[in-house]
Amino acid sequence: MSHILELRNLSFIYGKGTPFEKKAVDDVSLTIEKGEFIGIIGHTGSGKSTLVQMLNGLITPSEGQVLLDGKDIWSEPKKIRDIRFRVGMVFQYPEYQLFEETVYKDIAFGPQNRGLTGDELDKAVRKAAEFTGLRPDMLDKSPFDLSGGEKRRAAIAGVIAMEPEVLILDEPTAGLDPMGREILFSQIVNYHKEKGNTVLLVSHSMEDIARVADRILVMNHSHLAMLDTTKAIFARGDELETMGLKVPQITKIMQVLKAKGVDVPDGILTVDEALEVLSSLLKKEGKLW
Amino acid sequence: MVRDVAFGQYFPGNSLMHKLDPRAKLLCFVAFIVVIFFTFNYASLGVVAAFTVFALISAGISPKFYFKSLKVILFVVIITSLLNLFYGSGEPIWEWWILKLTWNGIHRAVFVSVRIVCLILLSSCLTFTTSPTELTDAIERLMKPLKVIRFPVHEVAMMMSLALRFVPTLLEETDKIMQAQRARGADMDSGNFIKRAKALVPILIPLFVSAFRRAYDIATAMECRCYRGGTGRTRMKTLHMGARDIVSFVVTAMIIGGVIVCNILLTSVL
């Protein structure tokens, strides 16, 4: 594996030189490998959103560097658009960015800016729509006639269609109903599996993060607090709680069970895992057949 | 970023200017701005300029912000004073091609630039020291007599305060939409005029959509709180005229008187 993204002493200060000066990201250094699925967590205002916006050059770091494939993204400021195609960014509530007459045209906006035309463009659009579960007949509709969840998917398709090497999603499931969340979430996971792209997911749902992330990045008060494998991070539940975060509910339950003397392993992250462990335990004790 | 625009900004404070009743402040400023255009000789111009400086000092706001608002209209000032400079009447004191410099032109240029600068400084001073709510309250109260001719005073004032309230919200929204479209490769910073105008479409359409959505939301929120228009509404903070407001009226009246006296006693230079 090789580094796809490397951050070196990255800082960002809002309102530099005014009385409202605020350091949103403070001296963050880390590397992200190709093909990794990274979860980003942190309380509101911890600097997550600012951090990810620096990764594709939407905002310029006050200090430090962002290296994409070993090259500083700001080494040629004129070519910053190319970086934005390679590092795709889906903002919170992305449905508010829809503007075209039809869903098809809206999804095509990004790849068109990238320079795709004709068949290539058509293929990119249809593929992105398929990934996000938009039916072909929806492509001819006005984006404003779609339901909330469909709008969200159309907007995400608009970024996926640019075929970015790194996909950043800022709270993609916020405000959707449980069913919509579940569908969208599994589509993101499938996308990652099939394409093998690097995905960065900002979320407040520890359950979601626990299910999919290889590693978790924890931001706390503008600093990088932790970066480790999902299991290792959620084993540090007490520390997370002091940062206003939590471990997944099921992990907490298993930890409590263990403290009470039940023989369960550490680092259970999903309900399915817990079910397996507990049922085999009960079978062993002859309480479940 | 869009948010750097200092238009109509309000700086909370405790100065003399802040404490004036907004109605008194508004009336005095309007009267004074009219007077600016009735200065025809250097004595009256001096009175006006001196009072402008006095008003700015009594507001206690850093000169930095006044310079910022002046910067925006600097271009207008330069163009208008240049035009006036070379199109005066009378004996030319210097001539080249179609350009004619006359004493009359020089006077005109000085007057026009001082007038515009005073105008901008005073209106900045008013918005810097008066919150948008105070300002709309004042306008509502001052327009009350218009109710006699069935002018919807309360509705207009409510619309103004809603509009002012949404300026920062919409600026922030614009910023967000711009970032989102930039992330999709929208190119807003290069190309010719037509290309740039076209690049605005992906920003303006979502902005309109969201403005309408917000309008519906706020209408619902107002109805939920039983808003039924202006009839029978009372105010949490009623405005009271005090001694200092009367003093401000007297001062303004004296300035107006001074300018009139100067105009009668001294000859016009324009």
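The secondary structure of chain B comprises ten helices and two strands, where helices (H or I, at least four residues) and strands (E, at least two) are DSSP runs numbered from the N terminus. Read from the N terminus, the elements of chain B follow the order α-α-α-α-β-β-α-α-α-α-α-α. The model is predicted: local features need pLDDT of at least 70 and side-chain atom pairs count only at pLDDT 80 or more, while totals for chains, interfaces and linings use all residues. Residues are numbered from 1 along each chain as its sequence is written, and chains are lettered from A and ligands numbered from 1 in the order in which they are written.

The C-alpha trace of chain B spans about 65 × 55 × 40 Å along its principal axes. Of the 270 residues of chain B, 21% are buried, a residue being buried if 20 or more other C-beta atoms, placed from the backbone, lie within 10 Å of its own. Two residues are in contact if their C-beta atoms, placed from the backbone, lie within 7 Å. Of the contacts in chain B between residues at least 6 apart in sequence, 78% link residues at least 24 apart.

Between the chains, 20 residues of chain A are in contact with 16 residues of chain B. Helix 2 (80-86), helix 3 (103-114) and helix 5 (148-160) of chain A each contribute at least two residues to the side of chain A that touches chain B. Helix 3 of chain A gives the most, with four residues. This side of chain A consists of twelve nonpolar, five polar and three charged residues; Ala, Val, Leu, Ile, Met, Phe, Trp, Tyr, Cys and Pro count as nonpolar, Asp, Glu, Lys and Arg as charged, and the others, Gly among them, as polar.

Chain A also contains an open, antiparallel sheet of four strands in the order 2-1-4-5, two strands being paired if DSSP finds at least two bridges between them. Strand 2 (22-33) and strand 5 (71-72) of chain A stand at the edges, each with a single partner strand, so one side of each lacks a neighbour in the sheet. Strand 1 (residues 3-14) and strand 4 of chain A pair in the antiparallel sense over five bridges, and A:Arg8 stands opposite A:Gln65 in strand 4. Strand 4 (residues 63-68) of chain A is joined to strand 5 of chain A by two bridges. In strand 5, A:Asp72 is the bridge partner of A:Leu67, and A:Lys71 that of A:Leu68. The hairpin of these two strands has two residues between the strands, and A:Asp69 takes a positive phi near 55 degrees.

Conventions. A residue is buried if 20 or more other C-beta atoms lie within 10 Å of its own, exposed if 12 or fewer, and partly exposed in between; C-beta atoms are placed from the backbone.
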